[in-house]
Every structure is written in structure tokens, then in C-alpha cells.
Amino acid sequence: MSEPETGPLSGRRAQAARNDTRILDAAREVFLADPDAPVSAVAARAGVGISALYRRYPGKQDLLRALASDGLARYIADLEDALSAEAPPWDAYVTCLHRVVEGGGQALAQRLAGTFAPTPELSRMAEQATRLADTLLDRVRESGDLRDDVSGADIVLLLETVMLVDLPGADRGVALRHRYLALLLQALHNPVEAPLPGVPARQEDLVARWRSRSDR
């Protein structure tokens, strides 16, 4: 039996893993602000050479798919945790949304909609996330804590709006995102002051965003 590989090779692998984490973290920040930003902006934010980025992700589409997959996986995990929590429905929902905002994955997945061709696996993950989100929303609605004139698509778009807060500084506006989410949650929590104008956003509107921008 051959000995496990150690030394310089494991060091290279560790460095590659660190580079990959930096690239994905940087890409999350860059593309959340501007989905049309060039890959070079991601490399600059990550502090890696463009060749290192391309070794891991041969093209921008590959990087966008990896980001969308990572974002959906985070979102699904947050929803599953909320559905399995023993806390009251509203408390579990509040905790879940703060985790979603902290991770940024759900908002990023929506921001990337239409910028790349999704794989069947990404489509499956998106459908799973939608089912879980609908189940959680129904549970909170049945508890009577959630105002009844908002839709799941409304919540998705509100979270995306919160995630657009980005300021100079050490935390890049993280604290303010949670502050504004708390403000929105107060507006969503019954009893409410008055009904909302207009009609709720629809799930079909969100699905339509995943069509290629050139097809719109």
C-alpha cells in the first residue's frame, strides 16, 4: 500500500483550498453588488492572480454556477434548520431570516438569475428551496404572526433589497443589514397598522428572472 501524500503536495492542496474560499467569498461580494462585473474584479478582490482563478473556474459561467450552488445550499440548510427548530414558528422564522441575510446566499442566487444557464442540479436545488420556504411561510402564517397580505416572493425580494446595503468599513454594512431586516420583520409581524397597496409579488415573477437576459 502506498503512503499517503504529504509535504509540499498537501501544502499546495491547502493553498488551493484557501484560494478557492477567497475566490468564492470575493465573488459573492462582487457579484452581489454587480452581477455583470468582470472576473478580473473577483481576482482583485480575492487577492489572487487571474491565472489562479481560471485554474479553478475556466470561465465566468463556471464561477457563477458554483456561487449559485453554494448560495442555494446555504439557503436550504437555513430553511431546514428553521423547520426542525423547537422554537415557536415566528421565532424560528426570525432566526432563519437573519441567518439568510448573514450568509447572503439566497440574495446572491436571485441576483445571478439570468446571467448563466442553470444546470439540472441547480434547478432541482431551486425547486427544493422554494418548497421549503413555502412550507416555512405556511407554518408562520398559520400561527397568525405573519401579516396575510405578503407572499413568499415578496419575502425573497425584501431579503434581496436588504442585502444591497454595502458600505465602506470593516463589516461592509453587515450590522445595518440586520438592523433593516429587524425593521422589516416588525412590519411583517401581526398586528399591522394598515394593509399594503398593490398586489404581492408572484413566484412566477421570480422564475422568469432565471431566463437568459438575452431572451427577455
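Modeller: What follows starts with the chain as a whole, goes on to the pockets, and ends with some side-chain pairs.

The model is predicted, so local features need a pLDDT of at least 70 and side-chain atom pairs count only at pLDDT 80 or more, while totals for chains, interfaces and linings use all residues. Residues are numbered from 1 along each chain as its sequence is written, and side-chain values use heavy atoms, with hydrogens and water left out.

The protein chain has 10 helices and 0 strands. Here helices (H or I, at least four residues) and strands (E, at least two) are DSSP runs, numbered from the N terminus. The C-alpha trace spans about 65 × 45 × 40 Å along its principal axes. Of the 216 residues, 38% count as buried; buried means under 20% relative accessible area, exposed means over 50%, and partly exposed is in between, with a 1.4 Å probe and protein chains only. Among contacts (heavy atoms within 4.5 Å) with a separation of 6 or more, 74% are between residues 24 or more positions apart.

Now the open spaces. Rolling a probe the size of a water molecule over the atoms shows where empty space is left. On a 1 Å grid over the protein atoms alone, a cavity is a set of points where a 1.4 Å probe fits but cannot get out, whereas a pocket is an open set with protein on both sides within 12 Å along at least five of seven lines; lining residues have an atom within 4 Å of a point. Grid points are joined across faces, edges and corners, and a volume is the space filled by probe spheres set on the points.

The largest pocket has a volume of about 570 Å³. Its lining is made of 31 residues, and Gln110, Ala126, Ala129, Thr130 and Gln203 lie nearest the centre. At least two lining residues come from each of H4 (60-84), H5 (89-103), H6 (105-111), H7 (120-143), H8 (152-163) and H10 (203-208). H7 gives the largest share, 10 residues. Sorted by class, the lining has 23 nonpolar, 6 polar and 2 charged residues. In this sorting, Ala, Val, Leu, Ile, Met, Phe, Trp, Tyr, Cys and Pro count as nonpolar, Asp, Glu, Lys and Arg as charged, and the others, Gly among them, as polar.

The second largest pocket holds about 360 Å³ of space. It is lined by 18 residues, with Arg28, Glu29, Leu32, Met163 and Arg177 nearest the centre. Helix H1 (8-33), H5 and helix H9 (174-188) are the elements that give two or more residues to this lining, and H1 supplies the largest share, 5 residues. This lining divides into 7 nonpolar, 2 polar and 9 charged residues.

Arg28, from the centre of that second pocket, also takes part in a salt bridge with Asp25, at 2.9 Å from N to O. A salt bridge is a side-chain nitrogen of Lys or Arg within 4 Å of a carboxyl oxygen of Asp or Glu, and the count comes to 11. Asp25 and Arg28 are 3 residues apart in helix H1, so they are separated by about one helical turn. Asp25 is partly exposed at 34% relative accessibility, whereas Arg28 is buried at 11%. Salt bridges link Asp25, Arg28, Asp70 and Arg74 in a network.

Another salt bridge joins the side chains of Arg209 and Glu160, at 3.1 Å from N to O. Arg209 lies in the segment after H10 and Glu160 in helix H8, so the pair ties together parts that are 49 residues apart in sequence. Arg209 is partly exposed, with a relative accessible area of 22%, and Glu160 is buried, at 7%.

The whole structure has 1 aromatic pair, and Trp90 and Tyr93 form it: the pair is tilted, at 6.0 Å centre to centre and 50° between the planes. Rings of Phe, Tyr and Trp (its six-membered ring) pair if their centres lie within 6.5 Å; planes under 30 degrees apart count as stacked, over 60 as edge-to-face, and the rest as tilted. Trp90 is buried at 10% relative accessibility, and Tyr93 is buried at 4%.
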